[in-house]
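Hello,

Here is the structure you were expecting. Please look it over first; my notes follow below it.

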Amino acid sequence: MAALQADFTLPLRSFALELELDVSRTVALVGPSGAGKSSVLRVIAGLVEPQRGHVRLDGERWLDMERRVSLPPEQRRVGLVFQDYALFPHLTVRGNVAFGARGRDVDTLLERFRIGHLAATQPQELSGGERQRVALARALARDPAVLLLDEPLAALDAHTKAEVRHELAELLRELALPTLLVTHDYEDAAALADEIGVLVEGRLRQLGTPAELVSRPRDAFVASFTGANLLRGRARREDGSLTAIRLESGEDLYSADEVEGEVGVVVYPWEVSVARTHAPEADSALNVVRGRVGSLVEVANRVRVRVGPVTAEVTAASAERLELADGGIAFATFKATGTRLVPL
Amino acid sequence: MFAATAVALAFLLLPIVAVFARVSPGTLVDQLSRPVVTDALVISLKTSAIAQTLVLVLGTPTAYLLATRRFRGRSLAVVLIELPLVLPPAVAGIGLIAAFGRLGLLGGTLSALGIQLGLTQTAVVIAVAYVASPFYVRQAIATFEAVDPNLVAAARTLGAGPVRTFFRVVLPLARRGLAAGEALSFARGLGEFGATIMFAGSLQGVTQTLPLAIYQQLDTDFTTALAVSALMVVVSGALLVALRVTLQWQPSKQTSRFLFAPSR
């Protein structure tokens with residue numbers, strides 16, 4: 001498969017975007033808004049010129065600032081899907097898709113994206129999901145070698161999003177194009193991409209598979225961004241193999257990671273059990289946090305619940321059995337081996 | 001408040017009504033076939049057509065550049081474009097004479113090339129274009145600025161070069177705003193008086209446009225002056241209505257809605 005190589009520096013308003021990235025499968029850049037994610041796509045597409053660097057697709061040189069090479073966007077084979085889709089309001093669905101289709105069969109594309117019946121419709125009359133399909137079809141009609149997606153799911157309501165996300169994941173697998181997508185939503189990234197890069201203030205904090213980011217988050221930001229609990233404390237080595245951490249709230253926790261000093265304690269909600277009573281002698285989990293049951297949020301068939309400072313994820317059935325909706329005191333327990341420590 | 005509004009509206013309307021009320025419509029129409037009127041009408045239409053073509057051909061790329069690029073001296077360029085808007089027409093007339101007249105800055109050069117502008121229709125065209133152009137260019141800048149830059153970017157990534165992007169995306173989206181600006185510019189140019197009479201004179205059949213004909217007939221034949229005025233009221237009114245309709249029929253939000261939007 002072809003591979004896109006990008007390495008550049010682009011000064012932005014309050015920081016410089018500095019990035020080195022190889023894209024051969026689907027890579028997602030995630031990060032808070034204003035981290036420079038969209039600018040990455042604009043540099044690769046040729047809409048913005050960086051201060052330094054190069055962009056290459058296999059042997060094709062799209063940008064090389066040292067050699068003063070910078071192909072205009074129309075000569076780079078990219079399919080860019082904009083965040084708000086940027087459909088041409090004066091053209092029909094068919095006109096939009098046909099805009100960049102040089103001799104390609106527009107009708108087949110329309111059918112493939114199930115928008116054939118909308119061919120004569122104006123974009124303003126489409127739903128969010130339909131617009132997204134038109135934008136994808138339009139980008140693919142140009143026969144791109146690289147696909148760039150800017151927040152492909154952000155413009156959709158929660159109801160449509162889950163379905164569209166599934167479709168998009170399938171499509172990306174089928175296309176097998178080098179794809180770079182940016183999103184502020186870690187779950188979207190994990191569902192769509194083979195690799196995720198966490199971008200903060202213009203720099204890649206960590207790049208890895210979704211599993212790698214969760215099992216070995218490099219720092220506190222990556223951990224909390226991937227959905228983990230982050231508790232602050234002070235670590236000190238104990239005899240044997242465990243590290244003890246005194247939390248700011250006074251509790252002691254244990255981890256198998258070997259670190260000392262100020263640390264962030266990272267534990268994922270799905271690794272936390274919730275109980276109404278606690279019997280230390282009958283539990284292999286070393287870490288116990290006692291606290292008041294706080295907010296309950298339903299996520300599909302699961303429930304996210306706060307116990308003191310910790311968020312746990314339990315099944316809806318468990319939440320009902322434990323009567324978590326009534327509040328009161330509960331115990332959140334998790335294993336020392338599932339408790340990771342990161343520098344703060 | 002209502003009383004003030006009523007007075008204001010009456011004040012604005014009275015002169016218009018008076019033009020039509022003095023003599024019967026039949027008399028007015030009869031007057032329109034007099035040579036002094038038909039000559040002026042032909043000259044007005046011809047010079048306006050040429051002047052507006054110049055305004056469109058030179059003004060559109062200028063407006064697009066100023067709307068989409070940020071460069072040093074841009075604000076100054078915008079001020080220059082708006083200058084004729086606030087310049088008294090008499091000053092514009094003097095300025096044109098001082099620049100292009102026989103003894104003007106470029107007079108010698110023009111004479112050497114065998115070009116004599118005084119008392120010609122070319123002079124009328126120059127005066128009209130000078131005074132009317134800001135009405136189009138200002139509106140065009142605002143309209144181009146309102147075109148979503150992402151749509152332009154999208155066209156580029158879809159393989160369209162800058163020229164194709166302009167004609168396939170920018171121009172269709174800006175069409176209504178540009179038409180509105182052009183209508184205003186045309187209306188202003190058609191009524192041009194001060195700069196024209198100073199720079200081009202008022203020779204019947206050569207440089208005498210409709211407004212100049214009104215002025216000349218005022219002393220000799222008031223009815224004819226009224227008839228020409230009535231004709232111009234009808235044309236202006238029609239333009240204004242067309243303008244309103246154009247601006248209100250906007251299926252998309254991509255073109256400018258504001259007629260006198262400040263161009264930054």
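**Contact between the chains**

Chain A puts 17 residues into the contact and chain B puts in 16 residues. Keep in mind that this is a predicted model. On the side of chain A that touches chain B, 10 residues are nonpolar, 3 are polar and 4 are charged.

**Nonpolar core**

The largest nonpolar core has 163 residues. The members that touch the most others are A:Ile44, A:Ala137, A:Leu148, A:Ala332 and B:Ala127. The element that gives the most to this core is helix H7 of chain B (residues 121-145), with 17 residues. Domain 1 (4-77 + 145-220) and domain 2 (228-343) of chain A each supply at least three residues to this core.

Which residues is A:Ile44 in contact with, leaving aside its neighbours within four places in sequence? They are A:Ala6, A:Val55, A:Val78, A:Leu148 and A:Leu180. One of these, A:Leu148, is also among the core members that touch the most others.

**Helix H4 of chain B**

Helix H4 of chain B covers residues 74-86, 13 residues in total. From its first C-alpha to its last it reaches 19 Å, close to the 18 Å expected at 1.5 Å a residue. H4(B) has a kink of about 25° at B:Leu80, shortly before the proline B:Pro84. B:Pro84 is itself one of the buried residues of H4(B), along with B:Val78 and B:Ile81. The cover over these buried residues includes helix H3 (35-68), helix H5 (89-100) and H7 of chain B. H7 of chain B is also the helix that gives the most to the core described above.

Regards

Note on methods
Residues numbered from 1 in each chain as written. Chains lettered and ligands numbered in written order. Predicted model: local features only at pLDDT ≥ 70, side-chain atom pairs only at ≥ 80, totals over all residues. Contact = placed C-beta atoms within 7 Å. Nonpolar A, V, L, I, M, F, W, Y, C, P; charged D, E, K, R; others polar. Core = buried A, V, L, I, M, F, W, Y, C linked by C-beta atoms within 7 Å. Buried ≥ 20, exposed ≤ 12 C-beta atoms within 10 Å, placed from the backbone. Helix = DSSP H or I, 4+ residues; strand = E, 2+ residues; numbered from the N terminus. Domains from an automatic or database assignment. Expected span 1.5 Å × (residues − 1). Bend = angle between axes of the 7 residues up to and from the residue.
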